[in-house]
Amino acid sequence: MGMQAFLDIFDIYLLEAVINGILLGGVLALLALGLNLIFGVIDVTWICYAELVMIGMYAMYFMVQYYGVSYFVSAPLTILLVAVLGAALHYLVIAPLLTAPPINQLLATGGVLFVLQSFATVAFGIDFRNLGIRLPVLAFGDMNFSYARLLSFVAALVGMVAVYLFMTRTFTGTAIRAISQDRQIMALMGVDTKRIYLITSALGGALAGLAACLLVLQYDVHPFVGLSFGPITFLICVLGGLGNFIGGFIAAFLFAEIISLGGLFSDLEWGYVLAFAFFIVMMFIRPAGLLARRR
Amino acid sequence: MRLRMAARLVRGLLVAISATGLAVSAHAQEKKIKIGVVFDLTGPLAGGGSELNYVGTKIILDHFAKSGVEGYKIEAVYADAQSKPDIAINESVRLLEQEKVDMVLGFFSSAQCVPVAARVEQLKKFMWMTTCISSAVFNEKGYKYVFRPQASGDQFGMMTMDFIAQNASAKLGKEPKDLRVAIIHEDGAYGVDVSKGNEAGAKKAGFNVVLKEGYSATAPDLSALVTKLKRAKPDVIFHTGYNPDITLLLRQAREQGLKFAALMGHGAGYGVYEKLKEGMGADATYIFNADPISIWLSNQKTMDPKLPPVIKMVGEEFDRIKPGVAIRSAHVGIGASNTYVFMSDVLPRAIKKYGGVDPDALRKAALDTDIPEGGTMLGFGVKFYGEGTPMAGQNERSFPVVIQYLDDKSHVVWPKSQAQREAVLPLPKGTTYSNQ
Amino acid sequence: MLEVSGLVKRFGGFTAVNNVSFRVDQGEILGLIGPNGSGKSTIFNMLSGTLAPTSGSILFAGYEIAGLAPHRIINGGIGRTFQIPRPFRRLSIFENVALAGFYGQGRHSRAKAEEAAERALAMVGLPTDRHASVDGLGAAGLKKLELAKALATSPKLLLADESLGGLDEAEMDQAADMLRNIRDELGITIIWVEHIMGVLMRVVDRVMVLDHGEKISEGLPSAVAGDPRVIEVYLGTDAETTQAAAAEARRRGRPMMLELRGVNAGYGTFQALFDVNLDVKAGEAVGVIGPNGAGKTTLMRVISGLIRPSRGSIKMEGVDVVATPAHKIVSLGIAHVPENRRLFPQLTVDDNLKMGAFMKDARGHYTERLEVVFDLFPRLKERRHQMAGTMSGGEQQMCAIGRAMMSNPKLLLLDEPSAGLAPVVVQQVFELVKRIRASGLTVLIVEQNVQQVLKVVDRAYLIEAGTIRASGTSAEMLASDTVKEAYLGV
């Protein structure tokens, strides 16, 4: 009896759910990476972050489906395009509001969210579009895993390591970390803060572009696709501690596992409810994020 | 200086107001029905079929506007519900109170038509629902001014179950009690409604329901649901969803190796074959879907002879508006046929027999409707449940059909009276999802 | 009224207040003075209950209050103002004061609180209009508001903390008169802590001088100002005049490095510098001394480009830099060590130093410069992987100076390197400055600690209320009456 109950819970499907959670975590971690950078450095919330991803997905779709450009050529072009978008967003919207109260910045990027959604609706229509690339499936016995997800997982890991190396090894990366701690005195180091912000925004955009390249393999593109990812990406960044990359990474996997295992043991809906409840509880226990030092 | 400017402004305003006043009174003298049409032209529902309904509806309204009806001019005012229930309510009220339309028509999503119906009834205005299928709109509400020629959600869920029940032993080689079925649905009003019909149908047929679960249509991941389906090993999956959650579910099902004998869809996302094909490629073949029959597929031999030319006209107009579509979506026909019933049957009677287009005249005319089977482009007849019945306002003669996508075409396979070919059941060996 | 005996406060191993005893009589104004870090604020914090004394007793009206919670002390009749005003910006002036009255009197009566607020506002000369907004108040207005808040709590004893900081001369006089009126009309006893001695000396009845946590002098203002120990603390007496003379000889014939002519600068409508002229020659060490709020930090910020002067010229080796943005001024060879060090607390020492070498030119010499800095400050090498924010104050100052030196500057601007450091560490910091000097770098240093700074610089300027009042060699400055007056008020 005991053994049977054990097998009922710890079957192969549980393992599959755990691994699928990890893979979903990869997708979420990738999304959180760029947002976290912006959050941590510029201290500005890009409410419209997921919409940048959406534009990137459209770019991929049109290049691959309409113009027949190969996936591997389209990807760097998309990353570049969204990087430019990120820089433009900073230059046109954020920079003039840097000294304004945070709520104004929030509202402004919220406005950009609607602008991008409406732009996509007008320019691309409300149709759901699908890249039509179907990657093979990896099978281990009864367990099967999505290649597309493995790819995003690997990309998230590589992206994370690359960002980490950039942030710690280069002068510009160090300046990006420094500027989040003391904006005013950066000029005394000979640092042009405007330039660093622009670089950071472009980098954040590039990461959104990278996420777009990988998400487009798994999801349909439509003007409102950001709604599926935007909120959860924010929660992850907040849970991990704003600007804390490793915290964000861990938070993404925690969230994904809660969604995946919660969904397996109860209703799928409950998986999400559990994840949000977990978020709220953690906000009380560790309001500054998972890895924040206690003060 | 500033004073003079203000004076000029006031004078201008007065002129403008009196001009509109004149225009209004001039209008009042000419006989006209103003119809407010509400569909989703933006947001996720737009691509899920709402926009296609709008196109079908507009083709019919434009057609009648050319000649007018019984000396009445036809004027349509279109509004976008933006895929949001609150906008649908606000737009409907705005049309009725500010645009002074005589009635509202349309409505795609069940989440919209339930609250809008309640509001319109409260205002004692006339509402004609072309598309939304929620049973909850009428259930025990006793509305007087709300009518729907379209089949209701539970009729959809019952229909697919009935189809499997009648074919279980012959095609799947299983007794009903041994047949494992899973019912999954998006958790909005629409999905819940259909799933209730599924459940009732499964109970009636005596199936073994191994999983019943809802999920949010915007969920970024459904892999846990797929894993549970794998564990439950259903023979037939009854799914109600929109696009893109259908694509996501079936993609993750493929990636995780979910196998089954048949997939039964229930309108909405499953009604748009183009999108299924784009997302799933060849795997879209053999999927079943319960929908009002597509007007392009309905049995024209048993149909009122004045209708086939109308179907042809709608088809040509549609091809002109949206060229190059492989399978004309059933949604266009739904919008067109159900609007046509109102324009060709209810409206003339209201004017002739009840003397106008006020809500009560329209209501009496609707209650008199008695169209036999074969009397609409969708094949079914129209007679509304009368006052005092639990579903008052619902068409008692409507039914959806079960179609199957084969060779990039849709074929009616159930019920027998409309069937064009034999269903392919179970999924042939060698196809992606086949459990054979 | 107040009797303090054997008061001691230790923070870890550091003794901030060491066995201080004093008494204050009813209706008296006692001035409490001393250089930065001498323990004045610590004593205030113990009197108001913010800190609990390590040992000693504080008898207020016969009751022991040492270690009581702040709100009980306030309700008992001791009111205090803060050095940096912290009004509730969303509330009106009246509401701010009434709130203090409501809670501070301990009676929680609305009518009483409003009555007290009206009286307090009238006393300090702020509008009693209920809707006047805090936003309109300037530095002087905020200080008045701070005072009114303290008065509204109906104190018997008022602790006034640096009520003059950031005020101009006329405002200082006004504020001093106000304190006197409060005593005369309301009969409130006052203890007044101040950096700036001049104004204080005119108003108080008695003065007590602290240094390194100990009481070194107490008595009538005139007597204290003449006390040799006080002069020693404030001005120092052992400046190495010989060294200064040698430097003077070296100085002649050196090319001009930095040249300020007629510089005016400020923040918004507030003008902080008036027609400042200042020279620094290559290889020289120059000090700028002056009391709090005299404009020293503004001067540094103007030179490094953080603030644009409204008038005047600033030339670095003959090139006018007035219109050059701050991040480009660095590449001309000016490195600024800001006030309070301003390290990046959550970066390692290495990363902080790396930021100092951010400029294109400096990046190429990163490793060489790192060696130079590590040679100069071996301690930094030991701590290189530590988060800068976790180091001690002295180590942080090393790191801040090291960071500035990474850009291989010609001119180093040091803004109050000794501020906020323990006395022992202050000594170390000035040793550092000497070493930097010896390495041949030109240094411009701003300090409050006159005694120390005059030991390490060749020449100095005295700045007061934004104006250069005097200049000369270290020895001349030490002997100068103007300097004495600025610091001692005689």
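This is a predicted model: local features need pLDDT of at least 70, side-chain atom pairs count only at pLDDT 80 or more; totals for chains, interfaces and linings use all residues.
Strand β11(C), which covers residues 256-267, runs antiparallel to β12(C), and 8 bridges join the two. Both belong to an open sheet of 4 strands, whose order is β12-β11-β14-β15 in chain C and whose pairing is antiparallel. At the edges of this sheet are β12(C), residues 270-281, and β15(C), residues 319-320, each of which pairs on one side only. A helix also packs on the sheet, namely α11(C), residues 296-304, and this helix touches β11, β12 and β14 (311-316) of chain C, while its direction makes about 115° with that of β11(C).

Chain C has another sheet that I would like you to find in the structure. Here 6 strands form an open sheet in the order β6-β7-β8-β3-β9-β10, and in this case the pairing is mixed. The edge strands are β6(C), at 78-80, and β10(C), at 214-219, and each of them pairs on one side only. From one strand to the next, the twist averages 20°.

Let me now turn to how the chains meet. There are 2 pairs of chains in contact, and of these it is chains A and B that share the most contacts. Chain B and chain C, by contrast, are joined by no contact, and their closest C-alpha atoms lie 34 Å apart.

On each side 41 residues take part, that is, 41 of chain A in contact with 41 of chain B. The area buried between these chains is about 3400 Å², and carbon and sulfur atoms give 52% of it. Within chain A, the residues that lose the most area to chain B are Phe128(A), Arg134(A) and Leu268(A), which together make up 21% of what that side buries.

Which polar features does this interface hold? The count between chain A and chain B is 17 residue pairs in polar contact, with both residues at pLDDT 80 or more, and 2 salt bridges are found across the interface. One salt bridge is formed by the side chains of Asp221(B) and Arg149(A), at 2.4 Å from N to O. Several elements of chain A give two or more residues to the side that touches chain B, among them α2 (12-42), α6 (147-169) and α11 (268-285). By class, the residues on that side of chain A divide into 18 nonpolar, 12 polar and 11 charged.

The contact takes 23 residues from chain A and 22 from chain C, and the area buried is about 2100 Å², of which carbon and sulfur atoms give 66%. Phe171(A), Leu188(A) and Met189(A) supply 36% of the area that chain A buries against chain C, which is more than any other three residues supply. Across this interface there are 2 salt bridges, and in one formed by Arg342(C) with Asp182(A) the closest N and O atoms are 2.6 Å apart. Helices α6 and α7 (171-179) of chain A each supply at least two residues of the side that touches chain C, and α7(A) gives the most, with 6 residues.

I will finish with salt bridges over all chains, where the count comes to 46. An example within chain B is Arg363(B) with Glu387(B), whose closest N and O atoms are 1.9 Å apart. This pair links distant parts of the chain, 24 residues apart, with Arg363(B) in helix α12(B), residues 359-368, and Glu387(B) in the loop between α12 and β11 (401-406) of chain B.

How values were computed: Residues are numbered from 1 along each chain as its sequence is written. Chains are lettered from A and ligands numbered from 1 in the order in which they are written. Side-chain values use heavy atoms; hydrogens and water are left out. Contact means heavy atoms within 4.5 Å. Buried area is the accessible area (1.4 Å probe) that two parts lose on being put together, summed over both. A salt bridge is a side-chain nitrogen of Lys or Arg within 4 Å of a carboxyl oxygen of Asp or Glu. A polar contact is a pair of N or O atoms within 3.5 Å; within protein, one must be able to donate a hydrogen and the other to accept it, and residues adjacent in sequence count only if both atoms are side-chain atoms. Ala, Val, Leu, Ile, Met, Phe, Trp, Tyr, Cys and Pro count as nonpolar, Asp, Glu, Lys and Arg as charged, and the others, Gly among them, as polar. Two strands pair if DSSP finds at least two bridges between them. Axes are lines fitted to C-alpha atoms, for helices over the stretch in contact, and angles run from 0 to 180 degrees between N-to-C directions.
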